[in-house]
Amino acid sequence: MENSAKENIQLFSKTIILPIDRSSSKSESSASKEKQTCCGGIKIFLGALSFVYFAKALSGSYLKSTITQIERRFDIPSSLVGVIDGSFEIGNLLIIILVSYFGAKLHRPKIIGVGCLIMSAGTFLIAMPQFFMGRYRYEIFSSSTNSTVSISPCLQDKNQIPLSVLERSQAKINAGCEKDVGSSMWIYVLLGNLLRGIGETPIQPLGITYIDDYANEESAAFYIGCVQTVAIIGPIFGFLLGSLCAKLYVDIGFVDLDSITITHNDARWVGAWWLGYLIAGVLSVLAAIPFWFLPKHLPRPESRKDSSTSSEQSKFIIEDNREHHRSYEQQVKILEMAKDFLPSVKNLFGNPVFFLYLCASIIQFNSLIGMVTYKPKYIEQQYGQSSSKTNFVIGLVNIPAVAFGIFSGGLIMKKFRINVLGAAKLSLGSSFFGYLLLLSLFAMGCENSDVAGLTVSYEGTKQVSSYEETLFSKCNSGCICSKNEWDPICGENGITYVSACLAGCKTSNGSGKTSVFYNCSCVGITASPSRSSSAVMGVCQKGNECPKMFLYFLVISVITSYTLSIGGTPGYILLLRCIKPQLKSFALGIYTLAIRVLAGVPAPVYFGVSIDTTCLKWGSKRCGGRGACRLYDSNAFRYIYLGLTVVLGTMSIFLSIAVLFVLKKRYVPQDENITANGGRGMVSVQNRKDNFVNSDYLIQTTYWPEKETRL
């Protein structure tokens, strides 16, 4: 009987236990499959988003590399180039609010795909003027061309020029003016960049929040760091592409290159700026393809299914429990979403951490955008480098330092599990030491080139008076010269002259780049008796110390770029963790909008206007009027360019200190918060204990007005 009873008990146990084992096995298999699907989906999206960031970054950086090319091609000042550069931000401004707010409720991957197609259309439009405007013409003296008529550079008598030559020259100018009057082709560049801005709008706010929603908490910062790091590879290729295109003449394939009389170092040189935009447009089309096959939602990770917030957000935001039950995936009518718009804006700007960080970012981006936009021009003018070499150096040396810095910031956040307060400290520290290093660049500049009548007198002494009055001197008083031309020659005395005529040259030999001028009366003033008063085409090289200064500049610039970039990822995490999870896309949209409007649009313009004030010699258009600047005051350029950057950076540091102060003031130990909030706080903390990075968190207090945590 006992044996029978035992057998019955064992049989009963098996019948009960076996189904439980099957259910458990099935549950584990389902969880494993779901986890695999989630990880696979987020990694596919991560790869697609990274390629989009690469494409848009390549296009944007290529625009920066062609700033001087566009300026010279369309004969416009730096201030107008700044407006063209800022049109990208204006495009963002037009739809950023709608995309960031309503886009979070719709199919985010497909919206990003549409944006890529619009971005490619704008990129193609930028290149179109090259195919509709005439060939590039620059200021040049007649003797530099392959003309059968030998003309003295110093025109002592207009009668020495054959009438047929004058008539043909005047006819060409008149024909060119008739064509130029009806066209301002730079407007197409502006409109194309505007369209690029519209297409780029959904990529950042929708892409970053999609990752933050469906990635593991500990991996989110690392993934964002990876995306931004891959995005930095885009500028590397963008500037290298700019370097390659800058070596090619603008009208390559349409003109005889042997007839070109200028070199890559000449201030009139224009490369094949349009070619890179065609390549960038194709990449944008390819980047759009994967997003049409990605789902609207991905399965949430197991660690985030029990809460609609991330663990760190739950430490910094106390919400009403009713908000937790609202499904993010439920269908909401557009009218109902619109009703929550104003309360959402009120909630964001009522958050002092978000508001102070926003103000600090606006000022810092004013500094960084202005610095990056005109960095190629600064290197060209300050150190006498060609556009091709400048873009190559920036792409191969400077940009990788930025990529490594951003990646390091994300890796530090992941490895040490830094919370929001630590992220704020890391961001502040990187900015402080970065701008401190920038101060040393004031001592690493080159002196002005010796240009007769502009920076030095014709006797070789330093210039102090107005250049228009001193371009003419006794040595060229017998010549009929124009003060508006810029066709520089380098005398044997090491001084550059604005033109062969103003140098008083009587004869010339050769043609094009090989032209040599003799019997130059102005060169003979300062030349030693053993030397002949001759000159060659082009500008003289800067002083012997300039190459060494350029090397020092590169070293400090690389270290500064790395230091400033470390704070990039911590800044994003600070932004995402100090707000409600339902408002992440909207907050990023507001943040992006503010950066575009208050930094991206005005910074290139007022930096450009300030830089224009340092111009010593303006070029002239074919039909009269001021063209692009040919020569800058190196010292004034350096003080204005670096001065604006450092002053704005210092202001942003003070605001970042205020952000850190507010965070510290609101950062309390866990035990104190449990005592203040009672049982509900204890239960909440206990439920989320495993997800905490540490035991501290930020709470909402009563002295912050309008700080309700629900919509």
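Student: Why is phenylalanine 442 called partly exposed in this model?

Tutor: The model is a predicted one. Phenylalanine 442 has 25% relative accessibility, and the class of partly exposed residues lies between under 20% for buried and over 50% for exposed. Phenylalanine 442 therefore counts as partly exposed.

Student: What makes threonine 496 count as buried?

Tutor: Its relative accessibility is 0%, and buried means under 20%, so threonine 496 counts as buried. Threonine 496 lies in strand S2 and touches residues including Asp450, Pro488 and Cys540.

Student: Why are the rings of phenylalanine 51 and phenylalanine 54 called a stacked pair?

Tutor: By the rule for ring pairs, the count comes to 24 aromatic pairs. The ring centres of phenylalanine 51 and phenylalanine 54 are 6.1 Å apart and their planes are at 25°; pairing requires centres within 6.5 Å, and stacking requires planes under 30 degrees apart. The pair is therefore stacked. Both residues belong to helix H1, and because they are three residues apart there, about one helical turn separates them.

Student: How do you know that the charged end of lysine 56 sits over a ring?

Tutor: The charged end of lysine 56 is 4.7 Å from the centre of the ring of tyrosine 53, and the distance limit is within 6 Å. The lysine 56 charge is listed as sitting over that ring.

Terms used:
Residues numbered from 1 in each chain as written. Predicted model: local features only at pLDDT ≥ 70, side-chain atom pairs only at ≥ 80, totals over all residues. Heavy atoms only, no water. Helix = DSSP H or I, 4+ residues; strand = E, 2+ residues; numbered from the N terminus. Buried < 20%, exposed > 50% of the residue type's maximum accessible area, 1.4 Å probe, protein only. Contact = heavy atoms within 4.5 Å. Phe/Tyr/Trp six-rings, centres within 6.5 Å; stacked < 30°, edge-to-face > 60°. Lys NZ or Arg CZ within 6 Å of the ring centre and 35° of its normal. Lists of a residue's contacts leave out its neighbours within four places in sequence.
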